[in-house]
Amino acid sequence: MVCTLLLTLCLPLPASAMTHHVHHVSHHTKPKKAAHAAVQPPVLAVVSGSIDAHSLLMPDQPYPLREWDGSINALRNAAVARTAPWLAVMVDDTTLYAACRDGLVQSLPAPNDPQRQNFSPCGIQAGEESLVLAWDRGRLGDSAPNWADFWDIARHPGKRALRLDPRGTLEIALMADGVGPGDVYAVLSSPSGVDRAFRKLDQLRPYLIWWRNPEEATRIMNSGAVLMLSTPFDRLAKLGPRVSFSAQWHQSLRQKLSWAIPRNVSPEQTATIIKMLRDQTPLHDDTQDAPQDGHDLHTLSRSDRFWSMNFDALQKRFQSWLTSTQ
C-alpha cells in the first residue's frame, strides 16, 4: 500500500484558530458592564501573501486589506455572516464561477466599457497570479529544474509538494509528461488525456506531500520537508531568512483573478465599492520578479472555461485517485 502524506494532519493549528473562553468573576464591588467585542472595520480581502510580496497595485483605495486563503468555504462563511466582514474579495475566476452560481456573491451591473466585461457577471477584473515551481537551492543548487525534473526522483531524490486540487495539478502532470502548454487543454479534454495525467501522478505518489492553501505551501518550504513544490509565487515572500527556495518561471501557470462583492454587503456599500473598483482598477501583478529579458517562458494560462465545465467530474476522479491504493 502506498501512503500519501497530508501535511495538514501533522502541523499544529495557528494560535488564531484556537478558541478562548472568558470567565467572569463576581466581586462585592459594583459589577462592571460586560465588555463588547470591538467591531472590526470592513476590509478588502486580497490574495494570500500579496501584501508582503508588494504585488498589489491599489492607488488611493481607502480600505484596509486582509489576506484570505482563497477557499470557497471561507468565502461562504464571509457571505452568510450577519455583518459583512469583506466589502470585496479578490478571487480566482474558477472559484468566482462557483460562488456566482451558488449565490454567494452579487451579480454586478455591466460596465459601460465592453472591453472591461468579465468572464463572470459577478466579477470585476483584478489581475492574475502565478503558480510556479519552487526548489530548494541549498540542496539542489542554483540550476533551475523544470517539471520533468520535478518527476525525476532518481536524479533528484526527495519529497515533492503539489496543491490538493485537480486544478493546476493535472496541467503540471501533463507538462511533466512532455505536453506543451498550448496543447494541455486539448489533451485534458479527452478521456485518454485525463488517464495520462493520472498515470503521471501515479509515478510520483509515494513522494508527494499535499498543500490545501497557500499558507501551507509556505509552511512546507519553511519546514524543509520538500525539495521542490508548486506554490503561488507570492508565498516566497513569507519565507524565513535562512530558507533558500527560488522560483522557476518557465511553464508557470497563470490564473486570472477578479473582485467579487459578497451577497451580504449592503446596496449602498456595493455601489461605492463598484465605483472604486472600476475607477481605480486595483490589480494584482506578481510578475515584477519574473525574467524580463524577453525570453519565452512558455507559461500556461489556466482555462477557467474548461474548469467551470469539468471541475466536478475531475474533482471526483481526483478524490478517487487519492483514496486508491494502486
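Which residues of helix 2 are buried?

**Orientation**

This is a predicted model, in which local features need pLDDT of at least 70 and side-chain atom pairs count only at pLDDT 80 or more, whereas totals for chains, interfaces and linings use all residues. Residues are numbered from 1 along each chain as its sequence is written, and side-chain values use heavy atoms, with hydrogens and water left out.

Display the whole chain as a cartoon. Its secondary structure comes to eleven helices and twelve strands; these are DSSP runs numbered from the N terminus, helices being H or I of at least four residues and strands E of at least two. Of the 326 residues, 46% count as buried. Buried means under 20% relative accessible area, exposed over 50%, and partly exposed in between, with a 1.4 Å probe and protein chains only. Among contacts (heavy atoms within 4.5 Å) with a separation of 6 or more, 74% join residues 24 or more positions apart.

**First stop: helix 2**

Select residues 72–80, which form helix 2. Its buried residues are L75, A78 and A79.

**Second stop: the largest pocket**

Select G70, T95, R163, D165 and R167, which lie nearest the centre of the largest pocket among its 45 lining residues. The volume of this pocket is about 1000 Å³. On a 1 Å grid over the protein atoms alone, a pocket is an open set of points where a 1.4 Å probe fits, with protein on both sides within 12 Å along at least five of seven lines; lining residues have an atom within 4 Å of a point. Points are joined across faces, edges and corners, and the volume is the space filled by probe spheres set on them.

Next, colour helix 11 (304–323), the source of the largest share of the lining, nine residues. Other elements that each supply at least two lining residues include helix 2, strand 6 (124–136) and strand 10 (245–260). By class, the lining has 19 nonpolar, 15 polar and eleven charged residues. Ala, Val, Leu, Ile, Met, Phe, Trp, Tyr, Cys and Pro count as nonpolar, Asp, Glu, Lys and Arg as charged, and the others, Gly among them, as polar.

Select W151, L201 and L229, the residues with the most contacts inside the largest nonpolar core, which has 55 residues. Such a core is a set of buried Ala, Val, Leu, Ile, Met, Phe, Trp, Tyr and Cys residues joined through side-chain atoms within 4.5 Å. Beyond its neighbours within four places in sequence, L229 is in contact with residues including V132, F150, A161 and F245. Apart from this core lies another, of 20 residues, among them V46, V47, A84 and I274.

Select R139 in helix 4 (residues 137–140). R139 is partly exposed at 48% relative accessibility, and its contacts beyond four places in sequence are G224, V226 and L227.

Then select Q251, in strand 10. Q251 is buried, with a relative accessible area of 13%, and its phi is near 55°, a positive value. Most residues other than glycine have a negative phi. Finish at T281, in the loop between helix 10 (267–280) and strand 11 (283–284), where phi is near 50°.
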